[in-house]
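Welcome! Take a moment to look over the sequence and the 3D picture before reading on.

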Amino acid sequence: MKKIIHIFVFANIVLICCMMASCSNRPKGVLSPGKMEDILVDYHLLKTMVNNLPPQERYKAILYENAFYNQHHITKAQLDSSLVWYTSHTNDFAKVYDKVTKRLKKEQDNYANAVSQTPSIGDMAGNQFNANGDTASIM
């Protein structure tokens, strides 16, 4: 999750550094802010997942990326074109990324909460892993 936070910091720096004028008239073919938000949330999760694949499983990255594009019913070209438009319309992009950042932070908090509520192995050793009566005698 630290990688996601680093991605957001970088994205915010890029947005601040871009000094282009903003215009809210999206051309046809550019993804709507809501769709762009959904796609960017999943895109960052995808990239984090792919970056954490063990070296022997890196070949799966292209499969995951293809599934991502299929899930969102878009092509890589559509995403790239939309990113080009949004990066030249920084006010619109900043609004989208604010929502993306909030959603990913909420996901991170949900996972942290779930982990904190999960009993440790030491807590479970007493009752749940009792093998009495559950084993087969092989002698």
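Here is a short briefing, grouped by topic.

This is a predicted model, in which local features need pLDDT of at least 70, side-chain atom pairs count only at pLDDT 80 or more, and totals for chains, interfaces and linings use all residues. Residues are numbered from 1 along each chain as its sequence is written, and side-chain values use heavy atoms, with hydrogens and water left out.

**Overall build**
- The chain has 6 helices and 0 strands (DSSP runs numbered from the N terminus: H or I of at least four residues for helices, E of at least two for strands).
- Of the 139 residues in the chain, 24% are buried (buried means under 20% relative accessible area, exposed over 50%, partly exposed in between, with a 1.4 Å probe and protein chains only).

**Confidence**
- The average pLDDT (the predictor's confidence in each residue, from 0 to 100) is 82 for the chain, and 69% of the residues score at least 70.
- Residues 18–23 have a pLDDT below 50, and this stretch has 13 contacts in the model beyond near neighbours in sequence (contact means heavy atoms within 4.5 Å).
- Where pLDDT is low, the predicted coordinates should not be read in detail.

**Helix H5**
- Helix H5 covers residues 90–117, and its 28 residues should span 40 Å at 1.5 Å a residue, which agrees with the 40 Å between its end C-alpha atoms (the expected span is 1.5 Å times one less than the number of residues).
- Buried residues in H5 include Phe93, Val96, Tyr97 and Leu104.

**Salt bridges**
- The structure holds 6 salt bridges (a side-chain nitrogen of Lys or Arg within 4 Å of a carboxyl oxygen of Asp or Glu).
- One of them joins aspartate 38 and arginine 103, at 2.6 Å from N to O.
- Because aspartate 38 lies in helix H2 and arginine 103 in helix H5, this pair ties together parts that are 65 residues apart in sequence.
- Glu37 is linked with Asp38 and Arg103 in a network of salt bridges.
- Another salt bridge pairs glutamate 65 with lysine 47, their closest N and O atoms being 3.0 Å apart.
- Glutamate 65 is in helix H3 and lysine 47 in helix H2, so this pair ties together parts 18 residues apart in sequence.

**Loop residues**
- Tyrosine 59 sits in the loop between helix H2 (33–51) and helix H3 (60–72), and counts as exposed at 54% relative accessibility.
- In the loop between H3 and helix H4 (76–87) you will find histidine 73, which has a positive phi of about 55° although it is not a glycine.
- Histidine 73 counts as exposed, with 69% relative accessibility.
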